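Keep the structure open beside the text and find each residue as you read.

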Amino acid sequence: MKLQGKVALVTGAGKGLGGTIALAYAREGARLVLCDIDEAALNDSHRQVTEQGADCLALRCDVSDSLAVEAMFAQALQHFGTVDVLVNNAARVPSSPAETQRRNRHYTHATTPVPRRSLGIVSGLSDDDWLKWWDVNMHGVFYCTRAALRCMEPQRSGRIINIASVAGLGAASMHSPGYAATKAGVISLTQTTAYDVAGANILVNAIACGGVHTPPFEAYLAQASEQDKNSLFQMIPMGRLGQPEEYAALALFLAAENHYLVGQVISPNGGYVI
Ligand SMILES: NC(=O)c1ccc[n+]([C@@H]2O[C@H](COP(=O)([O-])OP(=O)(O)OC[C@H]3O[C@@H](n4cnc5c(N)ncnc54)[C@H](O)[C@@H]3O)[C@@H](O)[C@H]2O)c1
């Protein structure tokens, strides 16, 4: 029971990676605050976590709304008295038809000997394609981090795990430049916050995920041609996506252990980015 008695708040916990992390924490004895904007998914996750015997508070909250985040933490404090672990997982992820089409252009370009040319991705972005990522992926992480630190700093302990992406490490997700920029921003916020609070025994680190078998990537694979799928898997030396449980194991380690990691970006990605 690595998290016995600890209170963990997981954003975007209704499904996908956040749901799997919440379940992994519940199995290790944590008390959970589940946050999601999707009420039906939140209820489903709440049922699964309570089936593990965990004390669990499910709160519908849009993390891009600063006041809503403050209210969520106030409710968490009222119920549990503190927050020991924060997982900033909620995000918009690239999944629109235009993003899927750009993704295919990227993968084909990377794996076939076509004549070199511009892919026209940045020059083809609309203002919305650029702006739509920041409210949830960047501002949401900041609002939740600030609120969590106000609980953690007085108690001089805490763990914050930011779910970043290989998209933020380089050009691995060049098909979605706005998404990639927010994930690079999450990495930067991880590093500056980690330095700020490490002296108070609050350890802040990031997981820069490669591809994960969660609803957005499963939707992509369901519509992708065999050629598109081959192009994708050819780019990953392990030849497959990661399972959510493989990422949750790392999120558990970062939350639970008395480790020495401060402001580090750990990237499970099957060799996609080495
Ligand atoms: N799936 C991948 O291949 C992949 C790759 C790299 C990084 N990631 C990162 O992993 C994390 C989880 O992604 P996923 O694949 O599980 O996606 P997902 O869409 O399955 O889950 C994201 C969850 O966040 C919630 N959410 C979205 N906006 C919200 C908001 N404003 N407030 C509160 N909740 C909100 C959604 O309702 C959903 O339940 C994200 O940070 C994503 O960027 C995923």
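Start at Val-87, which lies in strand S4 (residues 85–88). The model is predicted. Its protein chain averages a pLDDT of 96.

- Val-87 counts as buried because it has 29 C-beta neighbours inside 10 Å, and the cut-off for buried is 20 or more.
- Leaving out residues up to four places away in sequence, Val-87 touches Ala-8, Val-10, Thr-11, Ile-21, Ile-161, Ile-163 and Ala-251.
- Pro-177 is 90 residues from Val-87 in sequence, and their C-alpha atoms are 24 Å apart in space.

**Ala-148 in helix H6**

- Ala-148 lies in helix H6.
- Is Ala-148 buried or exposed? Ala-148 is buried, because 27 other C-beta atoms lie within 10 Å.
- Ala-148 touches Val-83, Leu-86, Gly-158 and Ile-160, with residues up to four places away in sequence not counted.
- Take the contact with Leu-86: 62 residues separate Ala-148 and Leu-86 along the chain, yet 6.9 Å separates their C-alpha atoms.

**Helix H1**

- H1 (16–27) has 12 residues.
- From first C-alpha to last, H1 reaches 17 Å, close to the 16 Å expected at 1.5 Å a residue.
- H1 is mostly covered, with 11 of its 12 residues buried.
- Just after H1 comes Gly-29, with a positive phi of about 90 degrees.

**Helix H3**

- Helix H3 covers residues 66–80, which makes 15 residues.
- At 1.5 Å a residue, H3 should span 21 Å, and its end C-alpha atoms are 21 Å apart, so the two values agree.
- The buried residues in H3 include Val-69, Met-72, Phe-73 and Ala-76.
- These residues cover an arc of only 95 degrees around the axis, so they sit on the same side of H3.
- Which residues does H3 carry on the face turned away from its buried side? That face carries the exposed residues Leu-67, Ala-74 and Gln-78.
- The buried residues of H3 pack against strand S1 (7–11), strand S2, strand S3 (56–60) and helix H6.
- Gly-81 follows H3, and its phi is positive, near 90 degrees.

**Helix H10**

- Helix H10 runs over residues 244–256, a total of 13 residues.
- Its end C-alpha atoms are 18 Å apart, which agrees with the 18 Å that H10 should span at 1.5 Å a residue.

**Around the ligand**

- How many residues surround the ligand? There are 32, and the closest are Gly-12, Gly-16, Ala-90, Ala-91 and Thr-214.
- H1, strand S2 (31–36), H6, S5 and helix H8 (215–223) each supply at least two residues of this shell.
- By class, the shell has 16 nonpolar, 11 polar and five charged residues.

**Two loop residues with positive phi**

- Arg-156 is in the loop between helix H6 (134–155) and strand S5 (158–165).
- Its phi is near 55 degrees, a positive value in a residue other than glycine.
- Arg-156 counts as exposed because it has 11 C-beta neighbours inside 10 Å, and the cut-off for exposed is 12 or fewer.
- Asn-201 is found in the loop between helix H7 (177–197) and strand S6 (202–209).
- Phi of Asn-201 is near 60 degrees, also positive in a residue other than glycine.
- Asn-201 is partly exposed, because 13 other C-beta atoms lie within 10 Å.

**Confidence**

- In the protein chain, 100% of the residues score a pLDDT of at least 70.
- Where is confidence lowest in the protein chain? The lowest confidence is in helix H4 (residues 97–111), at a mean of 91.
- Confidence is highest in S1, at 99.
- Where pLDDT is low, predicted coordinates should not be read in detail.

Key
Residues are numbered from 1 along each chain as its sequence is written. This is a predicted model: local features need pLDDT of at least 70, side-chain atom pairs count only at pLDDT 80 or more; totals for chains, interfaces and linings use all residues. Helices (H or I, at least four residues) and strands (E, at least two) are DSSP runs, numbered from the N terminus. A residue is near a molecule or strand if its C-beta atom, placed from the backbone, lies within 6 Å of it. Ala, Val, Leu, Ile, Met, Phe, Trp, Tyr, Cys and Pro count as nonpolar, Asp, Glu, Lys and Arg as charged, and the others, Gly among them, as polar. The expected span of a helix is 1.5 Å times one less than its number of residues. The arc is that of the directions from the helix axis to the C-beta atoms. Two residues are in contact if their C-beta atoms, placed from the backbone, lie within 7 Å. pLDDT is the predictor's confidence in each residue, from 0 to 100.
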